[in-house]
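Below is a short briefing on one structure, for a reader who works with coordinates.

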Amino acid sequence: MKEFEIQPDFDHLDQESKYLVHKAKEATAHSYAPYSKFHVGAALILQDGTVVTGANQENAAYPLCMCAERVALYAAAAMHPGKRIVKMAIVAHKKNHKELVPAASCGACRQVMTEFEERQKVPMEVVMMVAENQWVKCASAESLLPFLFTKDNLDSPSK
Ligand code: THU
């Protein structure tokens, strides 16, 4: 697979991606977003076919808000330790609107995704709608975050 595949609409996505998008959409029902009113859902599929979902969880102390992606990733790690994540889809919609709006994962989530890849030694695909009817499928989270911070930075010798 190329680093990025851009599809002009949902119908062009592969079956597994469509299924995960559908699951991510369902997961937005469990978003708690009274402040932003921006409901995000994430769904990931593990190597054995298990699907784990997450939705953004906000807090009156704004910096404590947690993105849907990290809710799903940490849930997968806690509930299915050692199982490889194959692919993740992310979607969003505004409160009281069914239509999806573009939602590219934030930098913090990309950083966390890359460490999951590092731990499992295999890339995970990432699917998201980045613009009106523009679905992007990325071969790996790392392709979304060049020059990232890794544990190697912590290990580098001081002069
Ligand atoms: N949000 C996510 O859930 N994922 C992202 O990658 C970007 C932003 C959430 C966090 C917050 O609850 C709301 O969207 C507005 O930023």
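**Hairpin and overview**

Strands β5 (125-131) and β6 (134-138) form a hairpin with 2 residues between them, and N133 in the turn has a positive phi of about 55°. This is a predicted model, in which local features need pLDDT of at least 70 and side-chain atom pairs count only at pLDDT 80 or more, while totals for chains, interfaces and linings use all residues. Residues are numbered from 1 along each chain as its sequence is written, and side-chain values use heavy atoms, with hydrogens and water left out. Helices (H or I, at least four residues) and strands (E, at least two) are DSSP runs, numbered from the N terminus.

**Strand β6 and its partners**

- The pairing of β5 with β6 is antiparallel and runs over 5 bridges; two strands pair if DSSP finds at least two bridges between them.
- M129 stands opposite W135 in β6.
- Strand β1 (residues 4-7) also pairs with β6 in the antiparallel sense, over 4 bridges.
- The bridge partner of E5 is K137 in β6.
- β6 is largely enclosed by the rest of the structure, because 4 of its 5 residues are buried (buried means under 20% relative accessible area, exposed over 50%, partly exposed in between, with a 1.4 Å probe and protein chains only).

**Helix α1**

- Helix α1 covers residues 15-27, and its 13 residues should span 18 Å at 1.5 Å a residue; the end C-alpha atoms are 18 Å apart, which agrees. The expected span is 1.5 Å times one less than the number of residues.
- S17, K18, L20, V21, A24 and A27 are buried in α1.
- An α-helix has 3.6 residues a turn, so residues three or four places apart point the same way.
- The buried residues of α1 pack against β2 (38-46), β3 (51-55), β4 (85-94), β5 and β6.
- At the start of α1, a side-chain oxygen of D14 comes to within 3.2 Å of the backbone nitrogen of E16. A polar contact is a pair of N or O atoms within 3.5 Å; within protein, one must be able to donate a hydrogen and the other to accept it, and residues adjacent in sequence count only if both atoms are side-chain atoms.

**Aromatic pairs**

- There are 3 aromatic pairs in the structure. Rings of Phe, Tyr and Trp (its six-membered ring) pair if their centres lie within 6.5 Å; planes under 30 degrees apart count as stacked, over 60 as edge-to-face and the rest as tilted.
- One of them is the tilted pair of Y35 and Y62, at 5.5 Å centre to centre with 50° between the planes.
- This pair links distant parts of the chain, 27 residues apart: Y35 is in the loop between α1 and β2, and Y62 in the loop between β3 and α2 (68-79).
- Y35 counts as partly exposed at 37% relative accessibility, and Y62 as exposed at 56%.
- The rings of Y74 and F116 have centres 6.3 Å apart and planes at 40°, so this pair is tilted.
- Y74 in helix α2 and F116 in helix α3 (residues 107-120) are 42 residues apart.
- Y74 is partly exposed at 42%, whereas F116 is buried at 9%.
- R119 lies over the face of F116, 5.3 Å from the ring centre; a charge sits over a ring if NZ of Lys or CZ of Arg is within 6 Å of the ring centre and within 35 degrees of the ring normal.

**S143**

- S143 lies in the loop between β6 and α4 (151-155) and is buried, at 13% relative accessibility.
- The side chain of S143 reaches the backbone oxygen of S140 at 2.6 Å.

Definitions and conventions: Contact means heavy atoms within 4.5 Å.
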